Amino acid sequence: MSVPGYDLIVIGAGIVGAACADAASGDGLRVAIVEPGPIGGGATAAAMGHLVAMDDDPAELALARYSLRQWEAFADLPEAEFSRCGTLWVAREERELAAAAARAARLAAAGVEAQLLDDQQLYELEPELAPGMSGGMLVPREAVVYPPRVARHLVARAQSRGAVLYAGRRVQALRRGGAQLDDGSSLSGPVLVATGCALPALLPQLPMRARKGHLVITDRYPGLLRHQLLELGYADSAHGDADSSVAFNVQPRPTGQILLGSSREFSATDAAVSPAMLRRMLERCFAFVPALRELQALRAWTGFRPTTPDGRPYLGAVPGATDQWVAAGHEGLGVTTALGSARLLLDLIQQRQPALDPAPYAPSRLAA
Amino acid sequence: MTERYDVLVVGAGPAGLAAAGTAAAHGARVGLLDAQPRAGGQVWRHDVRKPAPRAAREAIAALHGVNLLAQHSVIASEDGALRVETPEGSALLTYGALVLATGARELLLPFPGWTLPGVSGAGGLQALTKQGWPVAGKRVVIAGSGPLLLAAAATLRAHGAKVVGIHEQASPDSVHAFARQLLHWPARAAQALSLRARLMGVPYRFGSIVRHAHGEDAVRVVEIEDAHGTACVDCDLLAVGYGLVPNVELAQLLGCALDHAPTHPHVQVDELLRTSVPAVFAAGEACGIGGLAAARIEGAIAGHMASGHADEARVLLPERDRARRFGALLARHFAPGSRVHALATPQTLICRCEDVTLGALDGYADARDAKLATRCGMGACQGRICGTALAELGRFPRGAGRPPLFPARLATLAGLATSPSDDASRSTT
Amino acid sequence: MSATVRLQVNGQPVEVPAGASVAAAVAHWTLHFRTSVSGETRAPLCGMGVCFECRVRIDGVAHQRACITPARDGMQVDSHD
């Protein structure tokens with residue numbers, strides 16, 4: 001029996017794997033994609049789809065900025081449901097507003113336009129915010145997308161260039177020079193593992209924790225909110241190491257629906273919606289936008305963010321292995337940074353000079 | 001705000017009324033909740049113009065000591081308690097035993113024109129009419145399957161509608177075979193005869209289906225096909241229902257095992273109506289469509305069981321088995337046929353919440369895959385209409401539900417009572 | 001309790017029997033209950049609170065199911081969302 005050979009076997013068709021398969025096929029590589037579930041059915045389906053530059057880690061900011069430029073190519077793609085609502089960071093206290101000035105400067109230095117707002121400007125943009133806010137920071141060019149459909153689009157585009165999708169197949173094990181599938185067959189060629197939270201099943205030497213999050217979506221209320229809204233303290237929740245935390249993070253979908261987040265939990269392993277966590281998260285949202293209380297919620301769900309010990313993704317060669325690559329561990333920024341991650345990784349695989357310094361993302365930094 | 005009951009019954013139709021009355025007669029503290037404003041469920045729904053049937057009046061009058069919680073909608077399960085939403089706010093109800101008497105809903109299947117205003121379910125139009133929907137003088141076509149069509153027609157006629165015709169999709173042979181079986185069920189036969197008498201002069205056609213509804217802002221003309229060909233009929237309202245499917249969403253949320261055969265799931269129960277979850281019982285249509293008599297007797301069994309009187313429950317089992325056999329008879333003779341399954345075209349909307357066509361679902365392997373790609377089932381009905389229809393059409397089974405059980409205020413999901421006074425009481429308990 | 005209830009549908013007065021639903025009150029004036037996401041006019045389908053086709057705005061609160069909401073004196077119902 002002959003073993004099909006590829007230039008790159010992409011394992012996992014979440015937004016990151018899909019972007020890698022798309023980039024690789026665009027480079028002319030013969031690509032295989034192996035995905036046991038629906039395309040974009042894991043963290044990608046659970047995500048908010050907010051394209052956002054976080055400035056608290058220079059390496060994350062560089063990757064986000066690089067990736068956001070590539071997202072512009074999807075602004076007119078219907079499947080992406082791209083909506084340039086901008087990001088509005090809300091300050092509850094003067095102290096937060098003062099810190100926002102430094103953040104705006106860091107973003108500006110990275111080429112991301114950001115404007116500081118006083119309280120009056122803030123309420124003009126979002127009249128439903130609770131009284132007493134100090135002001136905010138508007139990042140006007142940021143946008144939201146619908147990640148599962150983008151993942152499908154990227155896989156379909158790769159397929160149109162000849163990539164082969166092994167749908168419903170799971171990679172059982174990595175083998176020297178390829179991968180073994182759960183139906184007993186094998187594929188040969190370099191592998192790229194983009195399995196997110198499931199990374200330890202194939203690469204146990206790379207530490208990964210699943211960080212649970214909750215989201216709720218409402219019926220349609222067009223015009224109620226206009227921007228993706230976050231509290232300026234969001235990074236404390238996102239990048240802190242508390243076992244559980246919540247932050248105000250609310251998004252108007254292009255449909256008029258409101259998507260509400262966010263929560264983070266390390267120790268919760270079951271996917272069930274936790275009433276206690278949901279309560280904490282929603283009360284946080286109500287504190288910023290009281291009108292949310294009376295909206296009709298249609299669905300609540302959870303997802304798991306693949307989280308590395310330092311919060312940065314693994315992008316690069318698997319330490320000590322030959323022809324094994326990894327792109328995983330993007331925590332809450334997988335959608336934002338998927339396109340840039342793919343580009344960076346393909347540059348490394350193809351031995352081109354990457355546009356970014358790859359060192360901060362090198363898997364060897366944390367390999368056990 | 002937390003309320004505690006020995007026995008909590010969800011659904012105030014015939015099964016739930018019987019369960020609540022029975023458990024209360026044993027001295028249990030019983031709560032009986034329903035999303036509707038009045039007890040009675042679908043079959044005994046309160047009629048604003050007509051007196052209720054005697055059995056319904058008696059069942060409701062028998063609720064001594066039962067706390068009737070109308071307009072209470074179950075939203076979620078929280079650590080062994082039910083979170084309910086009311087028009088005023090929300091509450092947490094705890095229970096020693098729970099009886100799921102969640103009943104059934106109508107099987108509504110897509111066909112070209114089914115989204116036009118004026119097109120509704122058959123039981124749907126009956127329910128609307130009982131609650132004051134103006135039908136006097138309106139020309140109504142009734143179609144679909146099963147004895148519910150006759151009941152709907154009788155209600156509509158009693159409210160002054162002109163029933164133009166009743167179109168049963170089952171073949172004449174199938175309906176006649178059912179009628180012969182009725183000889184073994186004298187009470188049912190009498191009921192059927194009385195319905196027919198009330199519908200004197202209304203054509204009742206077999207092997208006859210509505211293919212298409214036409215109209216601009218509302219239905220005006222329907223295309224009806226039978227063995228002799230297709231005819232167009234003018235009407236003001238079209239009511240089409242293909243029988244019933246069990247409401248299992250709450251059972252599923254609680255983790256109760258479901259039986260998925262053959263097409264639509266029902267709650268799995270043992271002989272004494274115990275579900276797979278301890279202290280949770282199920283009765284009536286939720287356990288599989290069985291009809292009114294089965295619902296009433298199962299409600300009583302579940303009421304005995306939930307209040308710890310298994311011996312009294314066992315006495316009722318032969319009666320229950322007989323009632324269930326009638327339900328099986330209905331399913332056998334009125335199941336929608338392949339002509340009905342083939343009515344929707346690729347252009348027909350299947351998901352009415354998100355306006356997704358049947359054709360848009362081609363190539364998707366399961367409900368979740370299709371939902372992520374097309375939004376089918378993502379809307380307010382949470383897939384109750386489209387998911388059930390797709391299962392009936394043989395596309396794929398309905399996807400697993402997500403909380404809340406029904407759309408609910410965000411304040412309810414946050415566990416908040418809405419009014420400030422309730423907030424205060426919550427913080428002190 | 002009076003035998004009828006008076007309310008307003010899209011600014012027009014309606015009188016329905018006590019115990020009637022908001023859906024019944026709306027139907028006295030119009031079969032336009034809501035506009036679907038692709039712009040179609042929709043009216044009640046299931047009549048029992050399941051299909052959500054009958055969503056209207058009641059006293060300023062959007063997306064209320066007209067078929068399971070009892071009509072009350074003085075209600076303001078808007079079916080043009």
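Colleague: Let's start with one residue: what is the relative accessible area of Y6(A)?
Modeller: Buried means under 20% relative accessible area, exposed over 50% and partly exposed in between, using a 1.4 Å probe and protein chains only. Y6(A) falls in the buried class, since its relative accessible area is 12%.

Colleague: Thanks! Before we go on, what kind of model is this?
Modeller: Residues are numbered from 1 along each chain as its sequence is written, while chains are lettered from A and ligands numbered from 1 in the order written. Side-chain values use heavy atoms, leaving out hydrogens and water; local features need pLDDT of at least 70, side-chain atom pairs count only at pLDDT 80 or more, and totals for chains, interfaces and linings use all residues, as this model is predicted.

Colleague: How many aromatic pairs are there over all chains, and of what kind is the pair of Y6(A) and Y166(A)?
Modeller: Rings of Phe, Tyr and Trp (its six-membered ring) pair if their centres lie within 6.5 Å; planes under 30 degrees apart are stacked, over 60 edge-to-face, the rest tilted. The count over all chains is ten aromatic pairs. With ring centres 6.2 Å apart and planes at 90°, Y6(A) and Y166(A) are therefore edge-to-face.

Colleague: How many residues apart in sequence are the parts that this pair of Y6(A) and Y166(A) ties together?
Modeller: Helices (H or I, at least four residues) and strands (E, at least two) are DSSP runs, numbered from the N terminus. Y6(A) is in the segment before strand 1 (8–11) of chain A and Y166(A) in strand 8 (residues 164–167) of chain A, so the parts tied together are apart in sequence by 160 residues.

Colleague: Over in chain B, which helix holds F334(B), the partner of F178(B)?
Modeller: F178(B) and F334(B) make an edge-to-face aromatic pair, 5.0 Å centre to centre with 75° between the planes. Both F178(B) and F334(B) are buried. F178(B) lies in helix 5 (residues 172–181) of chain B, so the pair ties together parts 156 residues apart in sequence, with F334(B) in helix 10 (residues 317–334) of chain B.

Colleague: Which residue of chain C forms a salt bridge with D219(A)?
Modeller: A salt bridge is a side-chain nitrogen of Lys or Arg within 4 Å of a carboxyl oxygen of Asp or Glu. Across the interface of chain A and chain C, the rule finds one salt bridge. Its closest N and O atoms are 2.7 Å apart, and the partner of D219(A) is R55(C).
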